[in-house]
Amino acid sequence: MVAIQAKGLCKRYGNIVAVDNVDLEVKEGEIFAIVGPNGAGKTTLIKMILGITKPDSGFVELPDPARTGYLPENPLFYDNLTGLETLQFYASIRGIPKERCYEVLSIVGLEGVADRKVGSYSKGMVQRLALAQALLPKPLILVLDEPTSGLDPIAAKEFRSLIKEMREQGSAIIMSSHVLSEVEQLADRVGVLYRGRMVAVGDVPTLVEKRGLSAQLYVRIKNPSPKAVDTAIEYGGISAEIKGDLVSVACPIKRRFEVLRALDDEYGVVDFRVEEPGLEEVFVAYAGGKR
Ligand SMILES: Nc1ncnc2c1ncn2[C@@H]1O[C@H](COP(=O)(O)OP(=O)(O)OP(=O)(O)O)[C@@H](O)[C@H]1O
Ligand SMILES: [Mg+2]
């Protein structure tokens, strides 16, 4: 079931076109990640989806605002309230039972500092509090603007597990992130936003295939010969070179095994490594130009 639908979203700030005619659809139980360079329009798009920023044109359909959770890019809380008081404040605004505050505090691992003032929190603690706040309404729609920014690697991993758990429970999740490895792990589909336009949408393997991105093969051979370069090209390599006993070959992903086998047959493979193209290469292909 489609949970979030947006059509033709546009937003200008003076001469700047922040978001340019973007369509978007996210299903229940799906994580959709928006990636793109700084200033591409990710936050503006997210805010329009949430109704925080009014689009110049286009529309958004969200099922239940009361069950929507939002982790903003720069969470801002009152320094003089404790973590618990902060959550109780948000809970009271949204008509959420106070007991839920304790639940979300424990979900994000903040029980130990719940009675400390937020002004004394580290950046990571503030980020956890922001996630706790987003989880308050048991969200069916979860919108996360750079959720793991400022988190240590372990905390980031915990956040990712939580996000996956929300997906398992059927929530529709939109997130933005600059951590492409994280997006690769989490997202079912990715949208590349570039200068306000959604220039690519799909799962990573599909986008890799669409752009015809090549894999990089590094092969150590027993009997080095300059002819190994010709063999690599003959069996599908796009370009190849040899240095000592190491043959480096760029080739379409589909041909990588053929190239490897040919090198093994003729020169004996001692060791090899394959670098498959991923979201980073997709990102550069679609959004590597001038901002
Ligand atoms: N309130 C505003 N007033 C004027 N310009 C704005 C406003 N909000 C955003 N912009 C401009 O719109 C463009 C998109 O900004 P946005 O914050 O959506 O980018 P982003 O993709 O989230 O970037 P980042 O990766 O740095 O978070 C930028 O050029 C920005 O300067
Ligand atoms: Mg942003």
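Two residues are in contact here if their C-beta atoms, placed from the backbone, lie within 7 Å. The legends below refer to a predicted model.

**View 1. Surroundings of the buried face of helix α9.** The buried residues of α9 are covered by elements that include β10 (214–221), α8 (227–234), β12 (246–252) and β13 (269–275). Those buried residues are Arg-256, Val-259, Leu-260, Leu-263 and Tyr-267. Viewed along the axis of α9, they fall within an arc of 95°, so they line one face of the helix. Arg-261 and Asp-265, on the other side of α9, are exposed.

**View 2. Length and end of helix α9.** Helix α9 runs over residues 256–267, and its 12 residues should span 16 Å at 1.5 Å a residue. The expected span is 1.5 Å times one less than the number of residues. The end C-alpha atoms of α9 are 16 Å apart, which agrees with the expectation.

**View 3. The shell around ligand 1.** The residues surrounding ligand 1 are Tyr-13, Ile-16, Ala-18, Gly-36, Asn-38, Gly-39, Ala-40, Gly-41, Lys-42, Thr-43, Thr-44 and Glu-73. By type, this shell holds four nonpolar, six polar and two charged residues. At least two shell residues come from each of β2 (16–27) and α1 (42–50). With three residues, α1 gives the most to the shell.

**View 4. Helix α1 within the structure.** Eight of the nine residues of α1 are buried, so this helix is largely enclosed by the rest of the structure. The buried residues are Lys-42, Thr-43, Thr-44, Leu-45, Ile-46, Lys-47, Met-48 and Ile-49. Among them, Lys-42, Thr-43 and Thr-44 also belong to the surroundings of ligand 1. Gly-51 follows α1, and its phi is positive, near 80°.

View 5. Pro-37 lies in the loop between β3 (31–35) and α1. Is Pro-37 buried or partly exposed? Pro-37 has 18 other C-beta atoms within 10 Å, and is therefore partly exposed; a buried residue has 20 or more, and an exposed one 12 or fewer. Pro-37 and Gly-289 are 252 residues apart along the chain, and their C-alpha atoms are separated by 9.9 Å.

Methods: Residues numbered from 1 in each chain as written. Chains lettered and ligands numbered in written order. Predicted model: local features only at pLDDT ≥ 70, side-chain atom pairs only at ≥ 80, totals over all residues. Near = placed C-beta within 6 Å. Helix = DSSP H or I, 4+ residues; strand = E, 2+ residues; numbered from the N terminus. Nonpolar A, V, L, I, M, F, W, Y, C, P; charged D, E, K, R; others polar. Arc of directions from axis to C-beta.
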